[in-house]
Amino acid sequence: MESKDMKKIILSEAHQEENLRVAAYLLEDGHLLTLISNETQKINDFVDSLPSEHKDRCFIRCFADYTEESTSDAIDSILEMMQGLDIFINGLPGTNETALLKLSPDSFGRDITSGYEKVFLLNREIVRYMVREKAGNIIFLIIDDILHFADYPVSPINNQGRLSLMKSMAKELAPFNIKVNSLTFGIYDPGINPSDKKAMQKKLEFCALKPSIPKWEDLLPALDALIYPSFKYMTGQNYSACIGSSNT
């Protein structure tokens, strides 16, 4: 495993609750971090709550329009501000596709396509920089599709698109010493009432017998395996931080 030196990291979709806790974990580990979001207030509130030693290593870049021009300008400004980049983390999209389909079935396809376009534009700009540097690390974060059966808010369509993009990018970028992988998170406590824990464990027995339900933060050290890889040829893989097997 690589030594735990400071990395320059960009995290997208940073306003999502799970991604904010990823950000806190990365800052606690001593990294330099830029948060990308389209929700200014949530990000500002998060940064305001940080201890002073973490605020100095946390930057914000909020923009609403993910056009080619705005995305290119934003990434250029971030790279200049951070003076480089080691890792780009595609944060969890935070989309409950079942709820989205029920709420607005007519626009469901357009919403999914819009999300893909955002991911594509961000990764394209990041890749342009990493190809010039002939080094880099791109990570996609995913919640396991199978948790749909336990009423978790999952995004199976988005996930499969991200996995396809990850594998395609990994193949094309291997000659440039750029690693591209995904990390799939499994069972975690999404805010279960203690009185409902046994019922939730029963629902989750398709993963393991009487599975423990860890806090989200307890899963985050799995990121270290990709941030500090012990094997430099790890690319194009979907790694699991799961109890039981992942079907994603």
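This dialogue goes through some features of the structure above, one at a time.

Student: What should I know about the model before I start reading it?

Tutor: The model is a predicted one, in which local features need pLDDT of at least 70 and side-chain atom pairs count only at pLDDT 80 or more, while totals for chains, interfaces and linings use all residues. Residues are numbered from 1 along each chain as its sequence is written, and side-chain values use heavy atoms, with hydrogens and water left out.

Student: Where is Asn181 placed, and is Asn181 buried or exposed?

Tutor: Helices (H or I, at least four residues) and strands (E, at least two) are DSSP runs, numbered from the N terminus. Asn181 is found in strand β6, which covers residues 178-185. As for burial, a residue is buried under 20% relative accessible area, exposed over 50% and partly exposed in between, with a 1.4 Å probe and protein chains only. Asn181 is buried, because its relative accessibility is 2%.

Student: Which atoms does the side chain of Asn181 reach?

Tutor: A polar contact is a pair of N or O atoms within 3.5 Å; within protein, one must be able to donate a hydrogen and the other to accept it, and residues adjacent in sequence count only if both atoms are side-chain atoms. Here the side chain of Asn181 reaches the backbone oxygen of Met234 at 3.0 Å, and a polar atom of that side chain lies 3.2 Å from the backbone nitrogen of Gly236. If we look at contact (heavy atoms within 4.5 Å) and leave aside neighbours within four places in sequence, the partners of Asn181 include Ile138, Phe140, Met166 and Tyr239.

Student: Which residues line the largest cavity?

Tutor: The largest cavity, with a volume of about 30 Å³, is lined by Ser12, Glu13, Asn90, Lys118, Val119, Leu122 and Arg162. Of these lining residues, 3 come from α6, which gives the most.

Student: How many disulfides does a search of the whole structure find?

Tutor: A disulfide is a covalent bond between the sulfur atoms of two cysteines. With a disulfide taken as a pair of cysteine sulfur atoms within 2.5 Å, the search finds 0 of them. For Cys58, the nearest cysteine sulfur, that of Cys62, is 10 Å away, and Cys58 is buried, with a relative accessible area of 7%.

Student: Where does Asp151 lie, and what is its phi?

Tutor: Most residues other than glycine have a negative phi, and most peptide bonds are trans. Asp151, although not a glycine, has a positive phi of about 70 degrees. Asp151 sits in the loop between β5 and α7, and it is exposed, because its relative accessible area is 59%.

Methods
1 Å grid on protein atoms, 1.4 Å probe; cavity = no way out; pocket = protein on both sides within 12 Å on 5 of 7 lines; lining within 4 Å. Points joined across faces, edges and corners; volume = space filled by probe spheres on them.
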